[in-house]
Amino acid sequence: MEMEMEKNDNEEEEKEKEKERDTDKYSPFEWEVNSYLHPDYYCIVPLPMCVDLIRRRLLSGYYRQLPSIEADMRLIYYNCVLYNLEGTPINDSAEELSQEL
């Protein structure tokens with residue numbers, strides 16, 4: 001019985017660690033890109049998008065149809081691919097995020 005409880009605790013810890021890794025992996029897409037860190041971003045990306053903006057738009061009733069939300073979610077991925085070099089970890093994270101959304 002004790003070993004079973006220990007196993008469940010270990011599984012819970014692993015799930016938490018995995019959740020933290022995913023959060024770290026997706027955190028670059030949460031907020032607007034910092035123009036001080038990436039001064040050329042807004043010159044290269046014509047229509048910036050982030051998860052926070054989508055969240056604010058949802059809360060304000062901005063979206064009228066589901067395809068509009070989906071388009072903004074895809075835009076996060078497209079912007080990442082446009083700005084970053086192919087094969088970089090952030091592009092891989094963007095691909096995974098777009099599949100999850």
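Which residues does Ser93 touch, not counting residues up to four places away in sequence? The contacts (heavy atoms within 4.5 Å) are with Lys25, Tyr26 and Phe29. Ser93 is found in helix H5 and is buried, with a relative accessible area of 8%. Buried here means under 20% relative accessible area, with exposed over 50% and partly exposed in between, using a 1.4 Å probe on protein chains only.

A word on the model itself. It is a predicted one, so local features need pLDDT of at least 70 and side-chain atom pairs count only at pLDDT 80 or more, while totals for chains, interfaces and linings use all residues. Residues are numbered from 1 along each chain as its sequence is written, and side-chain values use heavy atoms, with hydrogens and water left out.

As for the overall layout, the protein chain has five helices and zero strands. Both kinds of element are DSSP runs numbered from the N terminus: helices are H or I with at least four residues, strands are E with at least two. Of the 101 residues in the chain, 21% are buried.

Now for the inside. Nonpolar side chains tend to be buried together in soluble globular proteins. The largest nonpolar core has twelve residues, among them Tyr26, Phe29, Ile54, Ile76 and Leu97. Such a core is a set of buried Ala, Val, Leu, Ile, Met, Phe, Trp, Tyr and Cys residues joined through side-chain atoms within 4.5 Å. H4 and H5 (89–100) each supply at least two residues of this core, and H4 gives the most, with five.

Helix H3 (residues 51–60) has Asp52, Ile54 and Arg57 buried, and its buried residues pack against H4 (66–83). Leaving aside neighbours within four places in sequence, Ile54 is in contact with Met49, Tyr63, Asp72, Met73 and Ile76.

Where do they meet? Ile76, Tyr77, Cys80 and Val81 in H4 meet Ile90, Asn91, Ala94, Glu95, Leu97 and Ser98 in H5.
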